[in-house]
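User: I would like to learn how to read contacts, sheets and interfaces in a model, one feature at a time. Could you take me through them with the general idea before each case?

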Amino acid sequence: MLTIENLHASVEGTDILKGLNLTVKPGEVHAIMGPNGSGKSTLGHVLAGRPGYAVTAGSATFKGQNLFELETEERALLGLFLAFQYPVEIPGVSNMEFLKAAVDAQRSQRGEAPLDTVSFMKTARETCKAVDLDPSFLKRGVNEGFSGGEKKRNELLQMMMLQPVLGILDETDSGLDIDALQVVANGVNSMRSPDRAFVMVTHYQRLLDFIEPDFVHVLAGGRIVRSGDKALALELEERGYAWLEDEVA
Amino acid sequence: MSDFMRQPLDHAAANAPPWLTDIVSAGRTRWEASSMPTRKTEQWKYTSLQHLQGSYAAANDGQVELAAAGLELPDLGGFRLVFVNGHFCPDSSDTELPEGVSLVRFADASDSQADTIREYLGLAVGRDQPLFTALNEAALEEGVFIDISPDISVEQPLVIAWLTANQDQAFGVSQRMLVMAGRGSRASVIEYFDSASGAQDSFTNGVTELLLKESATLNHCRLHLEQANAVHIGRVHAQLSSHATLKSFHCALGSVMKRLDLVVDHVGQGAHSELNGIYLPREREHIDYHTCTEHRVPNCSSSEIFRGIIEDEASAVFNGRIHIHENAQKTRAELNNRNLLTSAQAEVNTKPELEIYADDVQCAHGATVAQLDQESLHYLRSRGIARDEATVMLSFGFINEVIDSVSCEAVAEHLRGLLSERFAKDPALRAHRI
């Protein structure tokens with residue numbers, strides 16, 4: 001589904017990713033862990049096509065297409081979804097209209113007519129319930145005045161409405177209390193299927209207690225320096241990252 | 001003085017109601033003794049009066065039918081009074097006034113009504129009459145006086161529509177309105193300006209005065225939707241007695257030139273004003289808002305938010321002045337102006353002006369000029385929304401925040417529909433309004 005080979009990327013002239021390799025197959029859940037500044041968030045932004053993130057070498061193939069030749073919205077329509085670590089607030093644009101525009105864009109891609117308002121509202125309200133977000137949040141500006149946790153749940157709401165084939169969660173667990181974490185985990189787990197994959201970028205092993213990964217990777221110095229299964233996360237929890245960084249250096 | 005308005009002035013001199021003739025004549029004397037502002041006049045630095053260089057006839061006599069003139073009015077609810085090219089349109093106007101509201105047309109005023117109008121006309125504008133107010137009076141034949149009785153609460157808005165229809169030649173006309181909101185009253189007044197499509201040259205010179213007595217609450221909207229070559233120079237002066245509240249919303253879509261001066265004068269303690277607006281010129285249109293908030297007495301508050309989206313080769317001016325007089329202690333005043341430029345040729349000149357002579361006040365102001373927020377654009381696109389549609393959503397969102405402040409829901413809804421259509425020239429780009 002996603003094959004990243006020798007990816008190099010820079011932000012404002014600083015090299016962040018330095019030869020990253022990663023292969024994600026349908027049905028898999030990958031966790032990417034690593035110390036601050038190792039390039040975890042950069043990976044998500046580069047895959048989503050954020051302006052200012054320059055790919056300097058390497059490739060990423062998503063569903064057989066060269067990802068870096070696609071516009072941001074084309075990547076989304078192909079089924080790639082990034083749950084942002086810091087979702088932007090957009091006052092004046094209602095959450096509901098934003099969601100409907102996004103859902104209809106996906107439908108249009110599949111050759112389907114826009115969803116009628118009544119069906120859309122019904123689905124949106126139900127999904128709100130699933131992510132424990134009061135439906136009144138649909139009427140507010142996109143993320144406007146939302147707390148950190150509400151923003152994360154709003155990201156999850158979007159992901160559940162859009163049903164991507166690849167969900168990249170950029171530190172979706174950070175700043176969440178244990179109840180909110182459970183809600184997010186339930187949401188992700190409910191979406192797990194043989195056709196869908198997830199890449200979860202996280203600092204903490206805690207999230208992996210709730211969403212069990214198939215693979216755990218450690219990102220350090222812009223590369224994946226070690227891969228393993230869930231046991232690797234437990235080892236990191238115990239020993240920290242320093243030993244790995246030492247090993248790499 | 002340039003005599004581009006000679007014909008309308010002559011027409012007013014001959015046709016104004018008798019009780020108005022001395023006002024008309026005094027206006028003309030003052031107008032003719034003055035000279036036209038130039039780009040060197042500070043108040044007109046960024047707005048050219050070149051569009052007034054031709055010659056304007058008086059509007060043709062006689063009533064114009066809305067449908068025949070290709071004019072349409074949205075249903076904003078409430079009581080409606082319609083004028084086309086300065087003439088009253090009884091067929092399109094309502095007759096049943098809400099209880100506690102009296103409404104008199106200048107052309108139709110009885111002697112006693114005329115006496116009342118004369119007592120208050122010009123009071124809010126004040127003695128230092130601006131040049132174009134002199135011209136307004138020199139060409140004055142018709143106007144509206146609305147008197148809201150004390151302690152009356154009027155639910156439905158009073159809609160006064162001033163429309164411009166095409167006629168065989170360019171014409172100039174004065175618009176005038178005086179609203180007296182009685183002590184403790186509550187009411188909504190909507191001024192709606194629009195023109196028939198087409199390239200008719202016209203010049204409307206408007207003056208509206210709002211007098212708010214003690215503890216009165218007045219919701220006021222003034223919508224300028226005139227198109228093409230319909231030039232408008234207008235002003236609104238509001239005077240707030242103690243504990244009065246004014247909520248005034250303004251919207252201007254483009255024509256070749258619109259200049260609007262808004263003055264909110266707090267003359268009684270505890271008065272509060274909210275002055276908000278949006279301006280949206282495109283192509284080669286020009287819109288100029290000059291606002292002035294006067295704080296003359298202590299313990300008043302004012303807030304002001306204006307936003308503009310300037311497209312194509314259009315230009316806009318926003319000059320926002322806050323004047324806090326020496327004894328106006330404990331004043332709280334804020335002013336915020338934000339502008340969005342959507343093309344490299346678009347231009348805006350924005351200037352907040354603070355003059356503060358009291359020492360115990362809270363005053364905040366800010367003005368920004370920017371392009372669409374790239375981070376927001378990326379966020380929308382990352383959800384599969386195409387760039388064009390995301391741009392429309394963000395532009396609309398930028399002004400929708402101000403529209404949310406409109407106290408009259410019918411006006412807010414009308415504007416949302418109108419503006420979402422305007423931004424999304426392709427209907428597919430506005431498919432997601434809910």
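User: Which residues does A:M200 touch, not counting residues up to four places away in sequence?

Analyst: A word on the source comes before the case: this is a predicted model, in which local features need pLDDT of at least 70 and side-chain atom pairs count only at pLDDT 80 or more, while totals for chains, interfaces and linings use all residues. Residues are numbered from 1 along each chain as its sequence is written, and chains are lettered from A and ligands numbered from 1 in the order in which they are written. Two residues are in contact if their C-beta atoms, placed from the backbone, lie within 7 Å. With residues up to four places away in sequence left out, A:M200 touches A:V29, A:A31, A:I32, A:L169, A:L207, A:I211 and A:P213.

User: How should I read the order of the strands in the open sheet of chain A?

Analyst: Strands of a sheet pair through backbone hydrogen bonds, either parallel or antiparallel. Strands (E, at least two residues) and helices (H or I, at least four) are DSSP runs, numbered from the N terminus, and two strands pair if DSSP finds at least two bridges between them. Here the six strands of chain A follow the order 6-9-10-3-11-12, with mixed pairing. Strand 6 (80-83) and strand 12 (223-228) of chain A are the edge strands, each pairing on one side only.

User: In which sense do strand 11 and strand 12 of chain A pair?

Analyst: Strand 11 (residues 215-220) and strand 12 of chain A are antiparallel, joined over five bridges, and in strand 12 of chain A the residue A:R223 is the bridge partner of A:A220.

User: Which strands does helix 1 of chain A lie across?

Analyst: Angles run from 0 to 180 degrees between N-to-C directions, with axes fitted to C-alpha atoms, for helices over the stretch in contact. Helix 1 (residues 40-48) of chain A lies across strand 3 (29-33), strand 6, strand 9 (166-170), strand 10 (197-201) and strand 11 of chain A, and runs at about 140° to strand 6 of chain A.

User: How many residues does each chain bring to the contact between chain A and chain B?

Analyst: Chain A brings 27 residues and chain B 24 residues. On the side of chain A that touches chain B, helix 3 of chain A gives the most, with nine residues. That side divides into 17 nonpolar, five polar and five charged residues, where Ala, Val, Leu, Ile, Met, Phe, Trp, Tyr, Cys and Pro count as nonpolar, Asp, Glu, Lys and Arg as charged, and the others, Gly among them, as polar.
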